[in-house]
Amino acid sequence: MNRSTAERRSSLQSNIDDSYRSTLFGVTELLDSESSLPMLNDIDYLSDIQRQNRVDKLIEQGRRFLQVENYESADRLFRTVLKVMPSSIMGCYLLAKANCGLKQFKVSKKYFLRAIDLQPTDSEAILELGKLYYLMGDNEKALNMYEQIQKLDPYNGKVYEYLGDFYFDLPDTVKAKQYYEFGLKLHPQSLFYTVQLAKIYVRQGLFNKAVEKYRYAIKFSPEDPSVHSQYLALLCRDRG
């Protein structure tokens, strides 16, 4: 595995819960203990509505733990969700996410697969399973998952990011460029796609096009230091 691939996989692991952060604004404190969680000794006597309400509360608390990367507490909560409601697709999905954070990849895989079994068209679970395979170094299965998403949800911007990265690391700059360009069409002001295309142009020796992309990225992300440093490094390299 080359350094670029290792760094990308490390980055994926460290940012495994970014998809939840944007949905949890306003959370200022978390439960430090699980003493207030619903008791489970009356599960058999719950109505469907009561059971769902209990699951919703557990999931909300579990997501808060995911937000602060307290994966062990999140794991316990989502396991409780599945005791209350074994067929909870969200419970399976989030338990898989928690175990990915714990680097328990086999357990994570088990619950992503269970979520997909419960809902075969669950594009988020399929996408995350693909990312998990990528982290585990199983490129063939990762690619298979990404291609499934491309068919199920062709306007899912994340799949073009992952497909582009997959081919960027091979490296196959032609296919990587194709996926990054499609992603940029879906999200014209995406810093990620713009910078990745600039890197493609650098690999191809097209420094003027790379400079153009970096300048475009700086326009809508002027305070991002990484973009500026990459841009300056390119200018120094271009001038020998």
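This is a predicted model: local features need pLDDT of at least 70, side-chain atom pairs count only at pLDDT 80 or more; totals for chains, interfaces and linings use all residues.
The protein chain comes out with 13 helices and zero strands, and reading along the sequence you get α-α-α-α-α-α-α-α-α-α-α-α-α. Of the 240 residues in the protein chain, 46% are buried. The chain exposes about 13200 Å², with carbon and sulfur atoms supplying 50% of that area. As for contacts, take the ones between residues at least 6 apart in sequence: 52% of them join residues at least 24 apart.

Now for the helix pair. Two packed helices are described by the angle between their axes and the distance between the axes. Helix 11 and helix 12 pack at an angle of about 165°, and their axes are 8 Å apart. Because angles over 145 degrees count as roughly antiparallel, helix 11 is roughly antiparallel to helix 12. Helix 11 passes helix 12 in a left-handed crossing.

Which residues of helix 11 and helix 12 make the contact? Here they are, helix by helix:

| Helix | Residue range | Contact residues |
|---|---|---|
| Helix 11 | residues 191-203 | L191, T194, V195, L197, A198, K199, Y201, V202 |
| Helix 12 | residues 207-220 | F207, K209, A210, K213, Y214, Y216, A217, F220 |

By type, the residues in this contact split into 12 nonpolar, one polar and three charged. Threonine is counted as polar and lysine as charged, so T194 of helix 11 is the polar one, while K199 of helix 11 and K209 and K213 of helix 12 are the charged ones.

Technical notes: Residues are numbered from 1 along each chain as its sequence is written. Side-chain values use heavy atoms; hydrogens and water are left out. Axes are lines fitted to C-alpha atoms, for helices over the stretch in contact, and angles run from 0 to 180 degrees between N-to-C directions. Helices (H or I, at least four residues) and strands (E, at least two) are DSSP runs, numbered from the N terminus. Angles under 35 degrees count as roughly parallel, over 145 as roughly antiparallel, 65 to 115 as roughly perpendicular and the rest as oblique. A crossing is left-handed if the near helix is turned anticlockwise from the far one by less than a right angle, and right-handed if clockwise. Contact means heavy atoms within 4.5 Å. Buried means under 20% relative accessible area, exposed over 50%, partly exposed in between (1.4 Å probe, protein chains only). Accessible areas come from the Shrake-Rupley method with a 1.4 Å probe; for residues, only the protein chains shown count as cover.
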